[in-house]
Amino acid sequence: MITVTDNLAEIKQKIKNAANKFCRDPQAITLLAVSKTKPCTDIITAYQAGQRQFGENYVKEGVMKINELKSSCPEAIWHYIGPLQSNKTKDVAEHFDWMHTVDRLKVAKRLNEQRLQGAKPLQVCIQVNISGEESKSGINVAQLSELASEIAQLPNLTLRGIMAIPSQPDNQEKLKQEYIDIKQKFETLRKRHTGVDTLSIGMSQDLELAIESGSTMVRIGSAIFGARS
Ligand SMILES: *Cc1c(COP(=O)(O)O)cnc(C)c1O
């Protein structure tokens with residue numbers, strides 16, 4: 001039987017191979033294990049295999065798991081990577097370490113106000129709509145630098161970089177172009193803001209291309225935990 005532990009080792013090897021192939025330092029690529037819809041027992045297995053960064057997509061489910069795993073996974077770092085309505089910001093601000101899908105100032109301000117006193121600032125990525133299609137979530141690239149400057153002034157948030165989801169993951173050529181564009185935006189942002197170090201791109205399907213394109217954090221779900229029903 002293939003286990004979470006085996007899958008994790010295989011993905012780490014894939015990251016290493018891709019990094020070597022494109023002359024990048026494998027240490028510069030963080031593996032985010034996306035555990036949405038999967039039970040806490042799977043997360044504990046991954047944790048015991050050394051995994052520390054976990055991504056969740058749904059507020060209620062994520063908060064429940066964070067609370068439940070406090071004692072068994074004390075060093076786990078929790079990333080919120082799903083869409084977020086502005087009336088749900090409080091749960092993210094109070095429970096998560098990272099938030100990848102900030103796409104408007106209203107959400108950023110609420111997260112900043114709702115972060116608990118004494119807590120480390122919430123680590124934030126701005127979600128960018130790389131294809132520019134209206135139906136996709138994320139901010140348009142034209143508004144990226146303005147939102148970044150505004151977030152940089154909020155004391156309880158730390159701006160870490162950019163996150164994107166491919167518009168058509170099966171179209172390799174299109175994806176390659178989108179990733180070239182986003183890498184450029186990331187480099188510009190990094191020059192303007194100290195502390196920006198994260199380009200959150202790459203999922204199970206496009207891991208290698210994302211690493212070629214400069215990803216510093218890949219978000220892998222099904223290739224670790226198995227297909228979601
Ligand atoms: C589900 C999800 C992933 C992981 O996708 P897999 O194809 O299962 O690797 C990564 N990023 C986001 C935003 C997701 O919603």
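These legends describe close-up views of a predicted model. Local features need pLDDT of at least 70 and side-chain atom pairs count only at pLDDT 80 or more, while totals for chains, interfaces and linings use all residues. Residues are numbered from 1 along each chain as its sequence is written, and side-chain values use heavy atoms, without hydrogens or water.

**View 1. Proline 83 in its loop.** Proline 83 lies between β3 (77-80) and α4 (89-95); helices (H or I, at least four residues) and strands (E, at least two) are DSSP runs numbered from the N terminus. Proline 83 is exposed, at 64% relative accessible area (exposed means over 50%, with a 1.4 Å probe and protein chains only). Its C-alpha atom is 15 Å from that of isoleucine 162, 79 residues apart along the chain.

**View 2. The largest pocket.** Its volume is about 400 Å³. Of 22 lining residues, Lys36, Asn57, Ile165, Met203 and Arg219 are the closest to the centre. The lining has 9 nonpolar, 9 polar and 4 charged residues. A pocket is an open set of points on a 1 Å grid over the protein atoms alone, where a 1.4 Å probe fits, with protein on both sides within 12 Å along at least five of seven lines; lining residues have an atom within 4 Å of a point. Volume is the space filled by probe spheres set on the points.

**View 3. The second largest pocket.** This pocket has a volume of about 310 Å³. α1 (4-21) and β1 (30-34) each supply at least two lining residues. The largest share, 3 residues, comes from α1. Among the lining residues are Pro26, Gly50 and Arg52.

How values were computed: Buried means under 20% relative accessible area, exposed over 50%, partly exposed in between (1.4 Å probe, protein chains only). Ala, Val, Leu, Ile, Met, Phe, Trp, Tyr, Cys and Pro count as nonpolar, Asp, Glu, Lys and Arg as charged, and the others, Gly among them, as polar.
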